[in-house]
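Thanks, everyone. Let me put the model on the screen.

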Amino acid sequence: MRRQLHTFFQRKCKVSLLFLLFLALLVHLVMDLALPATCGSCGCDMKAVKALSVPSGSPVLAGPKKLSLRILQDFSGSNGSLERSSQLQGRAGELGRQRRHGEGNSGRTGRSKLEALFEHPLYNIPIPAVTEKDKLFVVNPMEKFSLRSSGSDEWVSSSKAEMLLPTGKTAYDTYPTWLKFHVGINRYELYPRRDPLMPTLLWDLATQRIISSVQKTGGTQLKLIMTFPNYGQALFKPMKQTRDQETPIDFFYFSDFERHNAEIAAFHLDRILDFRRIPPVSGRLVNITKEIRDITTDKKLAKTFFISPAGNICFYGECSYYCSTEHALCGKPDLLEGSMAALLPDKTLAKRRSWRSPWRRSYHKSKKAEWELNPNYCAQVRKTPPYDRGHHLLDLIDMTVLDFLMGNMDRHHYETFEKFGNDTFLLHLDNGRGFGTHSRDELSILAPLRQCCSIKKSTYLRLQLLATPSYRLSDLLREALATDPLAPVLAESHLRALDRRLGKVLAAVGRCLAGAAHPDKVLVDDVGSRV
């Protein structure tokens, strides 16, 4: 009898335990069904990418200012911009509307400071008349651009195109925006001040479907070349740091990270300074799975994808620095911020000459470059071609001002279009090592200005204008960056640093003027009576 009772209670306990497990499972299922779907906020819906629903945040780090190398690299777990994606879809849609219509008021009432700046006389100094020899490309006006219905991306010449242009249209109207940008490059500017193409080109960079992603050869850190259906291409630099992280003071300039937000901010800063020598750049949220891994034909890149212990998609590619599992780029779970820069025309079509900067750093841990030891170094530079005539040296000093404002110490080379010889502007490419620090200013970047004591009068007058309350540089850049899909692009501390550094540039010019026997050699007149 005792044995039967024992068996009965054992069975009853087992049944009760199974019933409790079943009840718990049922409760979980009911809770899952009752809660709203949150697929968009975790980044698994491709529509979130297409709608550019994720402006970037600025997560505040609780750690000390001097971050360790590992903390500096581990950004994927604190990417606040991705965690807030579902809450910001409406704002991203508004940013897209502003971009397509060229609006830059970023939702503020009253007149835009940026619009007022571009209406100022200093920003309306006419460039010389552009002749055929001043254009990078001389285009056949009858050549149309079309994509075959088969889906292949290729040119179709006017003799083969099976299309009639609508009334009032020209062959130029058939070109995609990236090609119009290439065709518009001339001896004096990369793009015009009031370029009607710019909002559309930036929007294309942020939204065009990506059909190919491969690694860019060369360089110290990972970059990708991405191709669009209309045959356009862009250079993608992935996010490596959050907005608030500063480069540790013990880092050498040549081992610093390349930052995606620095590329975005540099483009807009260059435009505000009226240089217009950086190709257009937009922020973009990229799906690592669908827009890189699944479509890449790069076998070396394909081998580096993996799933992290947190379940995120990661990759690292091949490069000289930071390309390993310890420095992998990880999505949340597969969405990753990055900058998309419009590529310049292929070098086979428009050759570019690379120039070694006379003020190049030593790129050595202990050695110094000659300009760091010789205070009269500029005198011998002035005797050396191409700096011995024309405006080449003054253009280099313009670039120095740009680099100092954003804290970029990595300007070892620059390029020009070979077709125009030495009588053209310098291209301000590769700005990813800017905006790494905001708490300190590297005055050595200003060495060309301080040693040569020369600057274009137009540049100086614009810098003075940007130091006034009505046209404060930080306000203008904040407004310009507000229309980017990854806004806020810069932390406020970096914007405040711009105003401080601008004051130091003007002070350096002031010292040159105070000690100059001939002030016209300090402020080289390049405007005459045009202002």
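I'll take the sheet, then the disulfides.

This is a predicted model, where local features need pLDDT of at least 70, side-chain atom pairs count only at pLDDT 80 or more, and totals for chains, interfaces and linings use all residues. Residues are numbered from 1 along each chain as its sequence is written, and side-chain values use heavy atoms, with hydrogens and water left out.

The sheet. 5 strands form an open sheet, ordered β1-β2-β3-β8-β4, with antiparallel pairing. Strands here are DSSP runs of E, at least two residues; helices are runs of H or I, at least four; numbering starts at the N terminus. Pairing requires at least two DSSP bridges between two strands. β1 (212-215) and β4 (281-287) are the edge strands, each pairing on one side only.

Inside the sheet, β3 (residues 233-238) and β8 (residues 335-342) pair over 5 bridges. Phe-236 stands opposite Met-340 in β8.

Now the disulfides. The cut-off is a pair of cysteine sulfur atoms within 2.5 Å. The count is 4 disulfides. I'll show two of them.

One joins Cys-314 to Cys-330, S to S 2.1 Å. Cys-314 sits in strand β6 (residues 313-315) and Cys-330 in strand β7 (residues 329-330), 16 residues apart. The link is right-handed, with 110° about the S-S bond. Are these cysteines buried or exposed? Buried means under 20% relative accessible area, exposed over 50%, partly exposed in between, with a 1.4 Å probe and protein chains only. Cys-314 is buried at 0%. Cys-330 is buried too, at 11%.

Another joins Cys-453 and Cys-512, sulfurs 2.0 Å apart. That link is left-handed, at -75° about the S-S bond.
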